[in-house]
Amino acid sequence: MNVDINRNDNNTDISYFKKEIKNFIDLRKWSKYHTPKNLIQAMNIELSELSELFLFKNIDKNEIYQDEIILKNIKTEIADVFIYLVSFINSLDIDLTSAFIEKMKKNRVKYSIEEFNDGNFYKK
Ligand SMILES: [Mg+2]
């Protein structure tokens, strides 16, 4: 039985993705190609593929949800970007959670609620 069918964002943590992607690459002996430089470039290419879906179109969220094909293609390209991001994280043995916590601490200071609220900027 495939246990992955019951997974979603609410019951899956980052270690699952890190292990799955590492295993996928190890089984194919691709680690020699998954260097930080190659992974950053691959991630940029996949991000461009995501961007291309929106090129010369003015589509909003409602239009995306009404178009099964574009929504499917967006999900595919998001997964591609994410897979390369996680592989990049794996290649440098970075702990994503601590990097995220550190950056969010900085963001809370840089974009304080006193200065940024209601979608407006109130300079102290
Ligand atoms: Mg792609």
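A residue counts as buried if 20 or more other C-beta atoms, placed from the backbone, lie within 10 Å of its own; with 12 or fewer it is exposed, and in between it is partly exposed. By that rule, buried residues make up 4% of the 124 residues in this chain. The model is predicted: local features need pLDDT of at least 70, side-chain atom pairs count only at pLDDT 80 or more, and totals for chains, interfaces and linings use all residues. Numbering starts from 1 along each chain as its sequence is written.

Start with the overall build. The chain has five helices and two strands. The order along the sequence is α-α-α-α-α-β-β. The radius of gyration, taken over C-alpha atoms, is 18 Å, well over the 14 Å of the globule rule for 124 residues, so the chain is more spread out than a compact globule. That rule is 2.2 Å times the number of residues to the power 0.38.

Now look at one helix pair. The axes of α2 (residues 36-52) and α4 (residues 68-91) come within 9 Å and cross at roughly 165 degrees. Axes are lines fitted to C-alpha atoms over the stretch in contact, with angles from 0 to 180 degrees between N-to-C directions. The two helices are therefore roughly antiparallel, a label for angles over 145 degrees. Residues touch here if their C-beta atoms, placed from the backbone, lie within 7 Å. Among those making the contact are Leu39 and Leu47 of α2 and Ile78 and Phe88 of α4.

Technical notes. Helix = DSSP H or I, 4+ residues; strand = E, 2+ residues; numbered from the N terminus. Parallel < 35°, antiparallel > 145°, perpendicular 65-115°, else oblique. Contact = placed C-beta atoms within 7 Å.
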